[in-house]
Amino acid sequence: MKNRRCIIIGSSPETGIDTIRRYINENDFIACADGGHIYAEKLGITPGLIAGDFDSSQKPCNTSARVISLPVRKDDTDTVYLVRECVAMGFEEFLLFGMTGGRFDHTLANLCVLYDLSRQGKTAYMIDKNSLTRVLCTGKTVIESRKGCGFGIFPFACEDIQLSLSGFEYELTGGKLSAGHPVGVSNTITSERAVIDIISGSAVIVINI
């Protein structure tokens, strides 16, 4: 699994087929949450795994994918269940599509999924046609080849973060961002190799593409 990524496709009504096509590679493992399998079919892709309670689509029948039916009444969302299955399979890098738009509570729930993956040391992005979103815990993260892109960073699951930013229009050295004061919005990446160093706390970052 070391050299393979896990692509998870959700069923948001704003899922962009062209966006998925732009990022997907031939060797990626494809997993679909509930109606996400419909988008995989439109892309001509057979997923390796489909899981859901199938309240947003009919359960697929004529497929070689492993299909897991989940109860409607449950604690975990379909996406949470699917991510845990894929983590157990040994994947280290995740790209999540079809996770934004539609119901805002589901978008927030998917940010929590990114946070959980980050705490486990995994690399995970939530991607839509406008942005790349990631949750970072303590340590250094390098953003490469995104010069000119808009950027935002905000505390997530904490009151504030202490951090340094280099390679941005607005930089910081050991500065602090508070959850109640969103000054991390509307920054710009100005270097081919920008660095985020989170000293304490955790943050959600958004790269506008």
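Me: Hi! What does C158 count as at 25% relative accessibility?

Reply: C158 counts as partly exposed, because its relative accessibility is 25%. Buried means under 20% relative accessible area and exposed means over 50%, with partly exposed in between (1.4 Å probe, protein chains only).

Me: Before we go on, what kind of model is this?

Reply: This is a predicted model, where local features need pLDDT of at least 70, side-chain atom pairs count only at pLDDT 80 or more, and totals for chains, interfaces and linings use all residues. Residues are numbered from 1 along each chain as its sequence is written, and side-chain values use heavy atoms, with hydrogens and water left out.

Me: Let's switch to sheets. What order do the strands of the 10-stranded sheet follow?

Reply: The order is β4-β3-β2-β1-β5-β6-β7-β14-β9-β12, in an open sheet with mixed pairing. The names come from DSSP runs numbered from the N terminus: helices are H or I runs of at least four residues, and strands are E runs of at least two. Two strands pair if DSSP finds at least two bridges between them.

Me: What holds paired strands together in general?

Reply: Strands of a sheet pair through backbone hydrogen bonds, and they can be parallel or antiparallel.

Me: Back to this one. How many bridges join β9 to β12?

Reply: Two bridges link β12 to strand β9 (residues 150-155), and the two strands run antiparallel. In this pairing, G150 sits opposite T188 of β12.

Me: What does α4 touch on the sheet?

Reply: α4 packs on the sheet and touches β5, β6 (123-127), β7 and β14 (203-208). Contact means heavy atoms within 4.5 Å. The direction of α4 makes about 50 degrees with that of β7. For such angles, axes are lines fitted to C-alpha atoms (for helices over the stretch in contact), and the angle runs from 0 to 180 degrees between N-to-C directions.

Me: How do β7 and β14 pair?

Reply: β7 and β14 pair in the antiparallel sense, over six bridges. R134 stands opposite I205 of β14. β14 also pairs with β9, again antiparallel and over six bridges, and there F154 has V204 as its bridge partner.

Me: Which strand does T133 lie in?

Reply: T133 belongs to β7, which spans residues 131-136. T133 counts as buried because its relative accessibility is 7%. Leaving aside residues up to four places away in sequence, T133 touches L111, L114, A124, Y125, M126, V204, I205 and V206.

Me: What about the four-stranded sheet, what's the order there?

Reply: That open sheet goes β8-β13-β10-β11, with antiparallel pairing. β8 (139-144) and β11 (172-178) are at the edges, each having a single partner strand, so one side of each has no neighbour in the sheet. From one strand to the next, the twist averages 25 degrees. Five bridges connect β11 with β10 (residues 160-166), and these strands run antiparallel. Q162, for instance, has K176 of β11 as its bridge partner.

Me: New topic! Which residues of helix α3 are buried?

Reply: In α3 (residues 78-88), the buried ones are D78, T79, V80, L82, V83, C86 and V87. Their cover includes β1 (6-9), β2 (29-33), β3 (49-52), β5 (93-97) and α4 (104-119). After α3 comes G90, with a positive phi near 105 degrees.

Me: Last one: where is F54 found?

Reply: F54 is in the loop between β3 and β4, and F54 counts as buried because its relative accessibility is 13%. Residues up to four places away in sequence aside, F54 touches D34, H37, K59, P60, V67, I68 and S69. F54 and V135 are 81 residues apart along the chain, and 28 Å separates their C-alpha atoms.
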